[in-house]
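Reader: Please show me the sequence and the structure. Then take my questions one by one.

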Amino acid sequence: MIKRRVFLKQSVTTALAIGCLPTWAKDSFIDSEDPFFWSVNRLMGMSPRSLKGEDPLVLTRKTFKAFNKMRVAAWEDGIVISPVSSFRSYSRQKAIFESKFKRFQAEGLSPTESVKKIIEYSTIPGTSRHHWGTDIDVIQGKIKIDGDVLLEEHFNSGGAFENLHHWLTDNAVNYGFYLVYTNHPERKGFKYEPWHLSYAPESIPILKRYINKGVYEIALQQKVKGIEVINSSLKTSYLKEQLLDINPLLLP
Ligand SMILES: [Zn+2]
């Protein structure tokens with residue numbers, strides 16, 4: 001880590017000396033002060049510019065900083081927070097959506113039934129909070145699990161990640177992180193996700209911008225196999241439930 005930093009520092013110094021900056025330096029370190037941070041393309045996951053880190057930990061600079069602060073505090077309490085997924089690009093989300101659409105159709109579902117089934121768990125490309133760089137899926141590190149790690153049962157009492165769940169419940173808000181998809185009995189939309197955290201100081205203004213700019217409408221106009229079957233009633237319920245029926249503390 002230290003070696004890498006020294007290396008990067010040297011490369012920048014050298015680049016400055018020869019009068020140019022390497023591409024990564026030009027593309028990095030854009031914060032919310034920069035208009036690009038708020039651009040429709042960025043909010044739809046079409047550009048990782050302004051994000052920091054390496055997969056699976058790619059976040060905006062402020063979210064990254066806050067996350068690390070929380071991670072250190074948890075570590076001091078004996079809990080290892082391990083990131084599983086953070087920034088997800090538009091093209092990745094599109095690939096997920098289209099492959100599910102193909103699979104459900106092959107299983108005999110109609111195009112509309114296929115899309116309805118996809119959006120129980122997955123987002124329409126361009127509408128994922130994972131495009132923003134403010135949201136992250138975490139599990140408890142140093143614990144071995146067979147199969148899928150992102151299952152509610154692991155976070156429930158008696159589950160492998162129970163201690164992480166308790167720690168996050170007691171402490172995450174102190175660092176600005178909130179669950180998006182809570183287990184509130186009246187909440188609709190995406191199912192309960194005890195692993196999905198959002199950094200409120202950045203994601204609240206982003207959601208506001210997202211709505212005001214009509215990014216959701218723009219996402220639905222893109223060329224994606226299957227989204228042409230989304231009619232106005234499905235569109236309305238997706239916006240109301242999947243995108244906006246979230247933890248009320250994360251609403252603008
Ligand atoms: Zn997630």
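Predicted model: local features only at pLDDT ≥ 70, side-chain atom pairs only at ≥ 80, totals over all residues.

Author: Residues are numbered from 1 along each chain as its sequence is written, and side-chain values use heavy atoms, with hydrogens and water left out.

Reader: Is His 130 buried or exposed?

Author: Buried means under 20% relative accessible area, exposed over 50%, partly exposed in between (1.4 Å probe, protein chains only). Asp 137 has 4% and is therefore buried. His 130 has a relative accessible area of 5%, so His 130 counts as buried.

Reader: How many helices and strands does the protein have?

Author: Helices (H or I, at least four residues) and strands (E, at least two) are DSSP runs, numbered from the N terminus. Buried residues make up 45% of the 252 residues. The secondary structure comes to eleven helices and six strands.

Reader: What share of the contacts with a separation of 6 or more comes from residues 24 or more positions apart?

Author: Contact means heavy atoms within 4.5 Å. Counting contacts with a separation of 6 or more, residues 24 or more positions apart account for 67%.

Reader: How many aromatic pairs are there?

Author: Rings of Phe, Tyr and Trp (its six-membered ring) pair if their centres lie within 6.5 Å; planes under 30 degrees apart count as stacked, over 60 as edge-to-face and the rest as tilted. By this rule the count is nine.

Reader: Why is the pair of Phe 177 and Tyr 199 tilted?

Author: The ring centres of Phe 177 and Tyr 199 are 5.2 Å apart, and the pair is tilted because the planes stand at 40°. Phe 177 is in strand E5 (residues 177-179) and Tyr 199 in strand E6 (residues 196-199), 22 residues apart. With 1% relative accessible area, Phe 177 is buried. Tyr 199 is buried too, at 13%.

Reader: What is the angle between the planes of Tyr 181 and Phe 190?

Author: Tyr 181 and Phe 190 are both buried. Their centres are 5.5 Å apart, and the pair is edge-to-face, with planes at 80°.

Reader: Which residues do ring pairs link into a cluster?

Author: Phe 177 and Tyr 199 form a tilted pair. Ring pairs link these two and one further residue into a cluster: Phe 67, Phe 177 and Tyr 199.

Reader: Which ring does Arg 42 lie over?

Author: A charge sits over a ring if NZ of Lys or CZ of Arg is within 6 Å of the ring centre and within 35 degrees of the ring normal. The charged end of Lys 52 sits over Phe 64, 5.2 Å from the ring centre. Arg 42 lies 4.2 Å from the ring centre, over the face of Phe 37.

Reader: What does Ser 47 touch, not counting residues up to four places away in sequence?

Author: Ser 47 lies in the loop between helix H3 (40-43) and strand E1 (51-54). At 15% relative accessible area, Ser 47 is buried. Ser 47 touches Phe 36, Asn 41, Arg 42 and Phe 87.

Reader: Where is the cis peptide bond with omega of about 5°?

Author: Most peptide bonds are trans. Pro 56 is found in the loop between E1 and strand E2 (57-60). The cis bond joins Asp 55 and Pro 56.

Reader: What is phi of Lys 142?

Author: Lys 142 lies in the loop between E4 and H7. With a relative accessible area of 81%, Lys 142 is exposed. Most residues other than glycine have a negative phi. Phi of Lys 142 is positive, near 65°.
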